[in-house]
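I opened the model to look up its overall build and then the pairing within one of its sheets. My entries follow in the order in which I worked.

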Amino acid sequence: MIIKNVDLDGQLTDVRLADGLIAEIDDNLTGLNMIDGHGGALIPGLHDHHIHLNGTAAAMNSVRCGPPEVTAAAKLIEVLNKPGSGWLRGVGYHHSVAGEIDRAWLDEHGPDRPIRIQHRGGRLWILNSLAMNELELSEPNNGRFYDADLHIRKTSSFPDLRPLIQKLLSWGITGVTEVTPSNSIAEFNHYLKNTAPLRVTVMGKAALSDLGHNQVGPLKLHYHDHDLPELDNLATEINAAHNRGRNVAAHCVTRAELMLTLAAIEQAGPLAGDRIEHAAIADEAAIDWMKKLDMIVVTQPNFIAERVDAYVEDVEPHDLPHLWRLKSFQDVGLKLAAGSDAPFGDPNPWKAMAAAVSRPSGFENEAISPETALALYTKPVNDAGAPARQIAVGEQADICLLDCNWADARRDLAVVNVRATWIGGELVYHLVD
Ligand SMILES: [Zn+2]
């Protein structure tokens, strides 16, 4: 296939794809199978380095219960009571909406359907009485379930991923890293079977190490402030993964989570490719330490835009400058990549890139250029720490074509449309025009 008239580094040219690769870049290429790029920028296909696919697919069939869509109790009651039947699944709840709601609150204000609402932190589900009956749960009496994901999911099978994958392709996404901590063999097989044509890496439990499959990603370490492991135990767990040649990827949102993880990785000895997920709060000491250990940081540029009001309210003022840093990471040469953390963040990478370039008032110091923002989403499938992929002869033809040239796109990445997406040279998405 030949893609005519594309913008490459400010020049109009043609690109030929063959055998899954970018085979030729030259002016005036001709052949049988041609598509007109109309002067749009041709860029590497995007990779979401941190996404929860099942959760995101389920969220597409869920009601939004928190900011920015829902900010008050009256609005929450309204969205819950929209017509519908069967299970009602809510996501993104935050206590700023209606306080610490519980089973009794949902029974009083919600419809006569089994309801489960997820707090946007991801750990808390709130169920009404019908939902608890359906799942044969009697405790806790207030219907607030922490870390009970598997329990609640027991009755439901995996969601249909197709609508989500179509959406991702339409944004120019050609690959994802699935990062859910509970991923085991069943989930791994589900993702391999149901994510085509995306390129996918699946991180998760230690059990995945046994598969020896090249799409198995790092061991996911997922500990929280309220029950952090002993340093020695964590170092032992990391060491065990490393001994099998497997990297670790550690969820680190708070200062304590990050500091403990870095100490444990230092004790075990870092392995090139180890990842820190989020690094939501990182002071200068933490940045130096991550750099010294050669960590890859996988950040979410979208959160600072999506959650700014709550951060200003909830985060200690002295920590506000340490929130979701980008430029400081970049300046010290930390290996950096990005992902949406959908369904907890918006899965649209263009909004996230725009948020990395134009940060909310008070957080502008950490803004980065559009080119740097793009590079966070164009790392290789299996190595978020490597340099960004390029449009060059011999590269895999995982690419996307924008509806405008890059000079226009970089002015506001949030409004960019993707005209077409290719994976391994196959056209997998094409905007009807
Ligand atoms: Zn996550």
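I took two strands as paired if DSSP finds at least two bridges between them, and I took helices (H or I, at least four residues) and strands (E, at least two) as DSSP runs numbered from the N terminus. I note that residues are numbered from 1 along each chain as its sequence is written. I also note that this is a predicted model, in which local features need pLDDT of at least 70 and side-chain atom pairs count only at pLDDT 80 or more, while totals for chains, interfaces and linings use all residues.

**Entry: pairing.** I found strand 12 (residues 173–178) running parallel to strand 13 (residues 199–204), with four bridges joining them, and in this region Glu178 faces Val202 of strand 13.

Entry: I traced an open sheet of eight strands with parallel pairing, in the order 6-12-13-14-15-16-17-18. Strand 6 (46–51) and strand 18 (335–338) each have a single partner strand and stand at the edges, so one side of each is left without a neighbour in the sheet.

Entry: I saw helix 10 (residues 255–268) lying across strand 14 (216–221), strand 15 (248–252) and strand 16 (275–278), at about 155° to strand 15; contact requires C-beta atoms, placed from the backbone, within 7 Å.

**Entry: the whole.** I recorded 17 helices and 21 strands in the protein, and a box of roughly 70 × 55 × 45 Å along the principal axes that its C-alpha atoms fill.

Note on methods. Contact = placed C-beta atoms within 7 Å. Axes fitted to C-alpha atoms, helices over the stretch in contact; angles between N-to-C directions.
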